[in-house]
Amino acid sequence: MDMILQGMIQAFQLLVSGDIEITEVAMLTLTVSGTATAISVLFGVPLGLWLALKEFYGKQACSSLVNFGMGLPPVVVGLIVSLFLWRYGPLGDFGLMYTPVAMIIAQAMIAAPIVTGLSFAAILSINPKLRWQLISLGATPWQASWLLIREARLGLMAAVIAGFGRVISEVGASMMVGGNIKGQTRVLTTATVMEVGKGNYDMALAISFILLIAAYSIVVLLTHLQHGGKRGR
Amino acid sequence: MSEYILEMRHVTVDRGARKNILNIEAFGLRPGELVAVVGPNGAGKSTLLQVINLLHAYHGGMKLFGQKISNSNKTMLRRRAAMVFQDMLLLNDTVFNNVALALRFRGVKEGEIKERVYKALADFRCDHLANRSALLLSGGEAQRVCIARALVTMPELLLLDEPFAALDAATRDELIEEIRQLAGVRGIAVVLVSHNFADVLHFAERALMLFNGHIVQDDKPEFIMRRPANEQVARLVGMDNIIPCCSEQDSQGRFIRLANGIRFLYHGEVCEPISVCCLPGDALYLWDKRRLNQRETWVMVEGVVERVIPGVGTYRILIKLGEQMLSARVPPHHVTDDIHSYSRVKLAFNPAEVHIV
């Protein structure tokens with residue numbers, strides 16, 4: 001109990017003192033996870049929309065694949081990305097291994113199935129005839145799709161929150177493709193693991209609290225956006 | 001220039017493994033025509049409307065507003081029509097924005113949108129709801145808004161897919177009448193899908209009876225009500241008495257023998273084989289001597305009153321006749337104190353008012 005209390009106090013001190021190293025790590029964490037979430041939304045929402053609206057052979061197989069992807073172990077994603085980005089891998093020439101870009105790629109791969117799966121569910125929760133109604137009112141397919149996305153905004157924001165929550169808290173992939181290099185690829189989760197490895201439990205707890213505060217702040221912001229657009233009951 | 005705004009020839013629709021869920025040999029709709037489509041669940045009524053609104057894939061030939069579908073921009077054709085679904089499909093937005101939607105799709109200027117939206121809402125007496133959230137409307141209000149939204153674009157063709165099904169009778173009658181009047185004034189052709197034949201009689205000048213994707217009868221509603229094409233249609237339009245029967249030919253002519261033992265000479269047309277005799281309840285009269293003496297061809301039957309059901313305009317009397325139950329509709333002033341449950345009554349009908357299918 002003392003250790004937890006000590007960790008909380010240390011976290012508070014680190015935040016108040018504006019420790020440069022911790023600030024940089026926290027900023028990198030938010031940048032990497034935020035960018036990865038944005039990329040996953042860019043791919044996941046249209047894919048979820050397409051899956052929900054399009055009838056095609058093998059749709060069920062696609063849905064199961066997406067649902068399976070929602071539980072994809074981060075270390076497996078990290079391993080696959082490493083194999084591609086490794087010096088002798090197919091994308092080795094780009095020199096992305098152990099860079100924030102590699103971490104963004106890995107995290108986007110983890111978040112994309114979550115955003116896709118939950119977007120798919122959000123669109124499915126809308127009356128399926130609503131798209132027909134919009135089309136029959138004279139909407140072009142693009143106009144109808146945009147209005148459906150707007151109508152499913154609560155569910156879609158939940159997808160974004162879930163995707164962000166997953167990537168900001170993952171450690172396996174970031175460690176494998178980022179390498180936890182000080183000042184370059186160290187994020188809050190990998191820093192916590194490192195401090196635990198060194199036996200600095202107080203510091204590990206302090207970083208964890210900062211991670212929780214950062215994650216909570218972003219989720220509060222997203223939740224505000226989610227409900228801010230809601231009218232009526 | 002074609003006289004039809006919609007022409008369908010050999011139009012079929014398949015859904016997955018189910019073939020021909022819709023199979024329309026020929027159907028044409030004239031400008032301003034009010035047509036009802038009636039059929040049981042799964043007959044293909046909604047699919048027909050979706051095909052007309054170009055929402056569903058189909059095989060065969062179709063022309064909408066004189067243009068072949070295959071050569072035309074579907075969105076542009078759809079914009080000359082409007083469809084209202086049974087579900088109240090309103091967006092989570094204000095009533096005004098919901099009604100304005102169709103105009104915004106068409107790129108109408110905001111100033112004009114405001115004027116037209118308020119006019120459409122006023123036509124259906126819901127302009128006071130303009131700033132209310134569409135999700136807070138009652139069922140009747142929401143359906144009025146949906147209809148106003150469909151009509152705000154001044155369509156040439158209005159497709160109504162059972163939009164009144166969830167409404168109470170008074171609201172339904174009111175809305176049907178309002179749409180009928182507006183369609184008449186603006187010359188809008190309307191295709192109404194309904195389960196309720198009373199709505200059809202109230203609204204349409206032509207009815208299509210749809211069974212298993214096929215049009216089995218296309219005629220005036222009042223004609224279909226008295227001369228249904230088959231037993232299924234007779235049941236669907238609510239024919240009061242559908243009695244199993246057979247025909248017998250002798251030297252005097254063709255006789256119809258009903259399952260309850262009644263036999264009468266029939267001069268009408270019959271398409272063999274026959275299965276049932278359709279006898280409208282208002283073609284059964286309470287017998288009186290004068291009537292029978294004057295009209296010797298009338299058929300007299302006698303039975304026991306099972307129940308008298310009061311109603312506005314007509315009372316319904318259920319009469320047990322052997323194993324069969326007959327239903328007669330008589331004016332209230334014909335129902336005297338002598339007619340009550342378990343009393344014996346004599347009824348008469350004119351064979352000319354009977355329809356054999």
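Where does the second largest pocket lie in relation to domain 1 and domain 2 of chain B? Domain 1 (6-232) and domain 2 (240-356) of chain B both give residues to its lining, so the second largest pocket lies between them; the domain bounds come from an automatic or database domain assignment. The model is predicted, so local features need pLDDT of at least 70 and side-chain atom pairs count only at pLDDT 80 or more, while totals for chains, interfaces and linings use all residues. Residues are numbered from 1 along each chain as its sequence is written, chains are lettered from A and ligands numbered from 1 in the order in which they are written, and side-chain values use heavy atoms, with hydrogens and water left out.

Pockets come first. Rolling a probe the size of a water molecule over the atoms shows where empty space is left. Here a pocket is an open set of points, on a 1 Å grid over the protein atoms alone, where a 1.4 Å probe fits and protein lies on both sides within 12 Å along at least five of seven lines; lining residues have an atom within 4 Å of a point. The second largest pocket has a volume of about 280 Å³, a volume being the space filled by probe spheres set on grid points that are joined across faces, edges and corners. Its lining has 13 residues, with M225(B), V237(B), G238(B), D240(B) and R329(B) nearest the centre. The elements that give two or more residues to this lining are α7 (197-203) and α8 (221-226) of chain B, and α7(B) gives the most, with three. Seven of the lining residues are nonpolar, two polar and four charged; Ala, Val, Leu, Ile, Met, Phe, Trp, Tyr, Cys and Pro count as nonpolar, Asp, Glu, Lys and Arg as charged, and the others, Gly among them, as polar.

The largest pocket has a volume of about 1100 Å³. Among its 34 lining residues, L53(A), K54(A), E55(A), R131(A) and W132(A) lie nearest the centre. Two or more lining residues come from each of α2 (20-53), α5 (100-124), α6 (129-136) and α7 (141-151) of chain A, together with α2 (74-78) of chain B. The most come from α7(A), which gives six. By class, this lining has 23 nonpolar, five polar and six charged residues.

Next come the strands of chain B. Helices (H or I, at least four residues) and strands (E, at least two) are DSSP runs, numbered from the N terminus, and two strands pair if DSSP finds at least two bridges between them. Five strands of chain B form an open antiparallel sheet in the order β13-β12-β11-β14-β20. Its edge strands, β13 (263-265) and β20 (355-356), each pair on one side only. Within this sheet, four bridges join β11 (residues 241-250) to β14 (residues 276-279), and N241(B) stands opposite L279(B).

Elsewhere in chain B, β16 (residues 299-309) pairs in the antiparallel sense with β19 (residues 344-349) over six bridges, and E302(B) has K346(B) as its bridge partner. Strand β16(B) also pairs in the antiparallel sense with β17 (residues 315-321) over five bridges. In the hairpin of β16(B) and β17(B), G313(B) takes a positive phi near 90°.

Finally, the cysteines. A search of the whole structure finds zero disulfides (pairs of cysteine sulfur atoms within 2.5 Å) over all chains. For C246(B), the nearest cysteine sulfur, that of C245(B), is 6.8 Å away. For C277(B), the nearest cysteine sulfur, also that of C245(B), is 5.5 Å away. C277(B) is buried, with a relative accessible area of 1%, whereas C246(B) is partly exposed at 34%; buried means under 20% relative accessible area, exposed over 50%, and partly exposed in between (1.4 Å probe, protein chains only).
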